[in-house]
Amino acid sequence: AMAARCRLAARFHHVHGANVRLDASRTQATRVESFANGICFSQEPLAPGQIFLVEIEEKELGWCGHLRVGLTAHDPQSLEVVPEYSLPDLVNMGDTWVFAITRNHNRVVVEGEQAQAQRGPPWEPFLLIERVRIPRDTLVGRSRPGLYSHILDDLYKMNVLPATARRSRIGVLYAPRPDGTADMHIVINGEDMGPSARGLPTARPLYAVVDVFASTKSVRVIPVDYGFPSLQTLCRLVIQKHIVHRLAIEGLDLPPLLKSFCQHE
C-alpha cells in the first residue's frame with residue numbers, strides 16, 4: 001500500500017512558482033529564469049514515513065544559495081499566490097518548515113542528545129528513521145566514474161556526494177511521535193540528518209516543499225519503492241562492500257550491465 005501511494009504521489013503539484021516549468025509527467029521541475037519564484041509542492045499530502053525524494057539534475061552558476069526543502073500544512077490549491085521565496089515568505093505564513101540544503105545540514109537537538117547524523121554502513125539495505133524503514137539504495141546519489149574517480153572513492157564507498165552537487169538526492173519526510181506530533185527529517189544521499197523540526201501537526205495534511213532556488217536549476221522526483229531490495233541491488237551492495245575502489249569493478253568477471261549498475265546507476 002505504501003509503495004502504491006508513493007508512486008502515485010511521486011510528482012509535483014500543478015500549483016508552483018511563477019518561474020517553474022514542469023515537464024509533461026510533472027516529475028521534473030526547472031526554474032526557467034531569475035533565481036527565485038521556484039517553489040514546488042508534492043502532488044499529494046505525504047503519508048507518515050513517506051519520503052518525497054528529488055535528484056538535482058542541473059546547476060546554474062552565478063547565484064548564491066541552493067535547494068530548499070521542507071513540509072507545509074497549506075494545501076497548494078488554497079494559495080492565492082505562490083510566494084516568491086520559501087524562506088522566509090512561505091515559512092512566515094505559518095505551519096511551514098523549510099530548510100536550506102548546505103554541505104553541513106543543521107538539526108534540532110534536545111538536551112542529552114548527540115548532534116550527529118544517523119549513519120550506517122553503506123551496504124546496509126535499509127535506512128531506519130524511528131519506525132520507518134526505507135530502502136537505502138534509491139536514496140543515494142552517485143557521481144559517474146571518470147578520470148579522477150580514484151580521488152572520490154572514499155566518498156563513493158560511504159555513499160556520500162556533496163549535498164548540493166549534481167546527482168545528489170534530497171528527501172523529506174515526517175515521523176510520528178507518541179504524543180501525536182511528528183518530527184521532520186531531511187535525508188541527504190541516504191543519510192538521515194536527524195530531526196530538522198519537531199512538533200509538526202499530524203492531524204493536518206502535510207505537503208512536501210521543494211524550492212528550486214539560486215544555483216539549483218532543475219530537479220527530478222525519484223519514486224521510492226517500499227519493499228525488499230531487488231537481487232540486483234543486493235548484488236551491488238555486496239560488490240561495493242568488498243572492492244577497493246570502483247575502477248576495480250571494470251576488471252571483475254561480471255556482465256556489462258551489472259558492472260555499469262554497480263559503478264554508477
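Analyst: Some terms come before the sheet: two strands pair if DSSP finds at least two bridges between them, and strands (E, at least two residues) are DSSP runs numbered from the N terminus. This is a predicted model, in which local features need pLDDT of at least 70 and side-chain atom pairs count only at pLDDT 80 or more, while totals for chains, interfaces and linings use all residues. Residues are numbered from 1 along each chain as its sequence is written, and side-chain values use heavy atoms, leaving out hydrogens and water.

User: OK, what's the strand order in the open sheet?

Analyst: The seven strands run β1-β2-β13-β4-β9-β10-β11, with antiparallel pairing. β1 and β11 are the edges; each has a single partner strand, so one side of each lacks a neighbour in the sheet.

User: How many bridges join β2 to β13?

Analyst: Three, with β2 covering residues 28-31. Gln-28 has Arg-220 of β13 as its bridge partner.

User: Now the largest nonpolar core. Which residues have the most contacts inside it?

Analyst: Phe-12, Phe-52, Val-54 and Val-219, in a core of 33 residues. A nonpolar core is a set of buried (under 20% relative accessible area, 1.4 Å probe, protein chains only) Ala, Val, Leu, Ile, Met, Phe, Trp, Tyr and Cys residues joined through side-chain atoms within 4.5 Å.

User: Which strand gives the most to this core?

Analyst: β10, with four residues.

User: And what is Val-54 in contact with?

Analyst: Beyond its neighbours within four places in sequence, its contacts (heavy atoms within 4.5 Å) include Phe-12, Leu-67, Ile-170, Val-210 and Val-219.

Key
Buried means under 20% relative accessible area, exposed over 50%, partly exposed in between (1.4 Å probe, protein chains only).
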